[in-house]
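Okay, everyone, thanks for coming. Let me put the model up and walk you through a few spots.

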Amino acid sequence: MKRHYPLKLLVLLLFLVPFALFGQTTVQGTVTDAGSGRALPGVSVVVPGTTVGTNTDADGNYTITLPTESGKLTFSFLGYTSQTFNITPAVIELEVQLKESITSLDEVVVTGLATTVKRANAANAVSTINTREITGITTPQTMDAAISGKLVGANVVSNSGAPGGGIAMKLRGITSIFGNSQPLYVVDGIIMDNSSISSGLNAVTAASGGGNSSNQDNASNRIADLNPDDIESIEILKGASAAAIYGSLASAGVVIITTKRGAAGKTLIDFSQDIGFAEAANLLGMRTLNEERVEASFGASAVPLFVAARDAGRLVDYEEELYGNTGMLYSSRLNVSGGSDKTRFFVGGLIQDEEGIIRRTGYEKKSIRFNLDHVVSDRFDFSLSSNFINSTAKRGLTNNDNAGVSFGVAMSSTPSFVDLFPDESGLYPNNPFGASNFLQTRDLITNEENTDRFLGGLTLNSYLQESGVSNTKLVIRAGLDFYNLRTRALFPRLLQFQSAGNGTGGASIQGNNYNLNTNYAAFLVNNLSLSDNSLFLTTTLGATRENFNQDLTLNVATQLIGTQSNLDQAGAVEVDQTQLKVRNKGLFMQEEVNWRDRIIATAGLRLDKSSNNADVNEFKAFPKFSVALNLTNFDFWDYDNFNMVKLRAAYGEAGGFPPFGAKFTSLVASNIGGNPGSIVNAQRGNEGIEQERQKEFETGFDIGMWNNRILFEATYYIKTVSDLILIRNTPPASGFTTQVVNAGELQNRGVELSLSTVPLETTNFKWDSKVSYWTNESEITQLDVPAFPLGAFGNTLGTFFIEEGESATQIVGIKGDEGVAKLGDAAPDFQMNFHNFLTIKQNLTFSFLLHWKQGGQNINLTQLLTDLGGTSFDYDDDDDGDGISNAEERIDALGVSAEPFVQDASYLRLREVGLYYTLPTPLLERAFGGIVRQVRVGASANNILTFTDYDGYDPEVSNFGGNGLSTGVDVTPFPSARRYFFHFSIGF
Amino acid sequence: MIIMKNYIKQLKYKPVVALLAMALVLPSCELDDIPDPNNPTIESVRENATVDDLNNLVVGTESGMRNVLGTYYDNVGVIGREHYRFSGADPRFTSDLLGAANAVLDNNTFYTTNPWSARYRVVKNTNILIDAATNTELITEEQRQGYLGFAKTIKAHQLLMNLTMMNENGIRLDVEDPDNLGPIVDKAAALTAISGLLDEAADHLQQAGTEFAFPLSEGFEGFSTPSGFLEFNRALAARVAVYRENYAEALTLLQASFFDLDGAFSNGVYYVFSTQPGDQLNPLYFAPNAAGEVRIAHPSYIEDIAPNDDRASKVSLRNAPATQSFLTGRYDVALYATNTDPVPIIRNEELILIYAEANIQTGDLGEAVRALNIIRTGHGLQPYTGPVTEQALINEMLEQRRFSLYFEGHRWIDMRRYNRLGQLPIDRGGDDVWVSFPIPFAENV
């Protein structure tokens, strides 16, 4: 695949000069890093325009035989600026020094389903992060944690600190309110499912009223399964102008993940071991009690209990007891890669075992990846990606509940003088101040997600035709994503809330979830060079097909026999099954035109039809256009300090499906007395439901100066989502409470700026730095249904409110005499990040990532619950000095004003910091005689520092999970952790 | 120009054409319209529904009557000062429902919207059932009358439940076409319509033969034939009649119902619960001495009840008092002993009290005293010895209803009917006793 980058063609274009073509020339030499002089293994050495190529070996050496006597050689290596040399028969030895490129203008970005373009020619601002940013500073627990705060234009919010992850990611603002608001993930061409599947905790917590599952069950996202260390780069198509190539799947953007692949040359073996620990990032503290306070909050009868406990020194800091576990973190990785000219391979293995900050929670993952590239002949080559993952997340019981059983809710009303510890025989006392003894809950329940997943992808390239002016290839691609997710939530009947007539006599909630996605595509790609190679045309024509199958079964067994957990060891079993079946077909065509690297224009069209649409066989069209002008490549440009001035503009459209089943008015099961019954679903079907359509226009400029030591990129975008999919609240008297409708328009406008610089570069010290700023503003520009609240818990406590002319993420609530008024907005005013990599004496690297989110409110109900439970750490403080304590003020506001609960959630966070030392090569030579290629040791941490005024465990929180816009609702979440690591890696 | 390639590939047309054709043909084949893989759709019962289809709707209707009952009983019980609902997770039971400080009832939160929506969902199911039973050739006329009689009776009951919450704010009656809902009508008109609907249902039931074509749960034991179900229908009509202050009519209706001065108080129709698949548990049951989520009897219940009154057993003394938001109680509501105990829809004890009330209001005070004494002596009290005046007997009747129908959703409505909400006890300065719930926001009125 790599052989057909437009890059290659451009090199051909720019340097193609006639040469006689008899005989062959063999060239050899060493490739080194221009700064450190260190040998670079794995550098690609190719003869442009041919299939001849090799890679440097472990010592940076290469030997290559040109098919002709004279020609060119191009040396390229990821993260370095490519160089091309003219080779004449006289050249036998060629020493090459490659310069590290901070701006990656040579890397390619995706512009089509089967084509890419050099970043310097791209018309879209495509955010890319590579290995150095993903896993280079510290070890993220999951793939989703690896991208937090790193992507320009993305708003990434962790749902909680629960092991196994869970994020909400919004690219360039909210793009859908009820449709899919999470981006499409494509891993090596495989469409990877990112569902968040409830484990049915609602059957016990009753967080959202009836039913067994809800979006408050704190499920993880399935993208978390991917091993971050397998990833070579992550590229983000943030809006329709770039993502239109994915048509109706792409309205929330596309995250394209490329995994590591082998390079020809010596087999490289890298083993790394991380050992670390996690501790709660921010505990709030407990209330200091005295007799008077105990009497007021817990009643007079509690006073003697308090006095006895205090006098005996038995006051317990339950927050510390519950969230104060120090979790050990282990991660071992083994990567083996290598290959020959024809066959290259990469094997990546991971064993990860992490404990959470709550006892008996944690995350375990085993992942094995095998990537293979093989050149069958001049005509055919293929790339295979395969990955098997087994992961287990033990997530505890947190978040909202209405039964008083989740850890935080139970603790919110539990004072320090109660004794909840088990006696000698291991029996736990009941918690007299809550529905559950959370220590007992923690020690006896299981809430586990267990995934077995296989990802497989194959790309077959057939070179059908090749001539001096034209070459044509056929790309056939197939992807498969299969997983089986077993959720196990066990609540033995010994628990306070499952015994003595409480609860259901124990509950064993087991989910069996099957997911199979397959996607196929075939493309014909033709490259044509015209007018003496001054005009390049790339034409793509292809067809796509995607199949999505999901079958979710949730069994809730209650009235358990003893401590048994099997579903048949129960007096009652209830089963829910939900199936999802979607078939999509599409056609894709695209034309890319490049005139002397000066003007680069693209036009494309995707036609999609889907079984999800009301009319399944109607094609929906998603066009895109873009143009980039590289001013520095024009003849009139003679400002030497500027090596790039690019103006660019792009327009595109993408779609988003309505929620599955939106077109049906169904009768759902509702039984009584052993008879089966049907009752009309609360959701009314809509036979005319259509996809939402996003239209995005983006424009910007990129300026590179002083040989790209400074690169400034600026982008403005405006995107409009029309036919916005909304769940209308129907007048409930109709018997239906909701209906999915196309009824509005939403606009996002924003600016993204980034500045990459190398402030200092000497042989002994190098500092490169990237600072980015991004902001987004949304507005509901049209709303054909009455303004409506959603998410959160109503006006009394603050709720999101969709209203024409207002921000899509505004928070409203009651506000004294003003009635219901706007109280805040969940969207940040702006975000910035500051990425820094410092290299001292070639061996010592220090890097850190600062992330600043300014503005954006949360609805903090954790604080309210602790106020009502009389346990807030600041209960008796009086911040405004008016004689009424903080907690009383907030409690008094209940029912009067929701203002105190809507709180600013700005923060400045040192997300990642890492310090590594690479042992000098000569030392290794002496010690191991060349067997050991590299040894690196280091230490790192994440979430180490957070500056915020927010009164909660973490300003990053979402009780309602990842989808939709209800992020930032804080109801006794799993507190987030601070993670520290020691690293050791050795390469052979 | 000299071509740099050392070989020129010859275009091979055949495979290219074949692959191209494949690529183009692949998506052009039609996609199948995938039916709902999870549920039957409403269209499947519109025309020529089978007995099975209709029976599923009947069962679903009966089952749906229990949805969100917990919230309904908390609403009317808390406002009627029968109990406190303490919740570790939701503060609004003690703030909004009791009108703490400046808190008012919210027209857009669960306690207003959920019960209202749940009842109208059942109304919708009855409308689908009426529609389906009318548009099918696959059943007999008697069977059809049975379905219609059932559907309209239940529809009337569900509308009445919503009216008791909304009171003067009214309800919608005509809700068949979701795109064209009828207006919200006031309380008097709504009661008239409900009464009319019950009468229509009674006509259907009289023509429904001797057996229903559909099964009903154990909650309808003794009332699961057309004639038995008619007695249930007439009992509901009697309740509506006293709400309408048509006391003479109430007396007539009682005679057609299962009213029995000598019968067991508990005789009647119930919501039933079980642990069977797809079934529900009794939401009004909380274990005694629970913490966190509890229903605490209002202290006045035990303070006011006579020493020998066996109805004191409807509450149970806790091991430790429960306190939240400056409210404290020592007794749990203990009406139900397990989470599968049935909850009455209407039972003979209420009918006896309706009989007493109608007699007071129609001037037969002696007969009223006789009925009240049946209640009193039935609960271990001495016969009534107070003055036999209309006013005194109304007081006595309301007091007996308070204890006999405790936590069955009547106290608030009874005190409201007699303009006595001001007599309900206020626990905290600034608390309010609400008269009506607001119409849900989503009704757009």
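So, the largest nonpolar core: 231 residues, and the ones with the most contacts inside it are B:Leu129 and B:Ala238. Helix H5 of chain B, residues 141–166, puts in the largest share of this core, with 12 residues. And do keep in mind that this is a predicted model.

If you zoom in on B:Leu129, and skip residues up to four places away in sequence, B:Leu129 touches B:Leu54, B:Leu57, B:Val58, B:Thr61, B:Tyr147 and B:Ala151. There's another core apart from that one, with 66 residues, including A:Val117 and A:Ile134.

On the domains themselves, the assignment for chain A gives domain 1 as 2–100, domain 2 as 128–276 + 328–397 + 445–786, and domain 3 as 284–323 + 400–439. The C-alpha centres of domains 1 and 2 of chain A are 36 Å apart.

Now jump along chain A to strand E45, residues 857–860. Both of its faces are covered: A:Gln857 and A:Ile859 are buried on one side, A:Asn858 and A:Asn860 on the other. E45(A) pairs antiparallel with strand E46, residues 902–904, over three bridges, and there A:Ile859 stands opposite A:Val902. With strand E49, residues 969–970, E45(A) runs parallel, joined by two bridges, and A:Asn860 stands opposite A:Asp970.

Conventions. Residues are numbered from 1 along each chain as its sequence is written. Chains are lettered from A and ligands numbered from 1 in the order in which they are written. This is a predicted model: local features need pLDDT of at least 70, side-chain atom pairs count only at pLDDT 80 or more; totals for chains, interfaces and linings use all residues. Domain bounds come from an automatic or database domain assignment. A nonpolar core is a set of buried Ala, Val, Leu, Ile, Met, Phe, Trp, Tyr and Cys residues joined through C-beta atoms within 7 Å. A residue is buried if 20 or more other C-beta atoms lie within 10 Å of its own, exposed if 12 or fewer, and partly exposed in between; C-beta atoms are placed from the backbone. Helices (H or I, at least four residues) and strands (E, at least two) are DSSP runs, numbered from the N terminus. Two residues are in contact if their C-beta atoms, placed from the backbone, lie within 7 Å. Two strands pair if DSSP finds at least two bridges between them.
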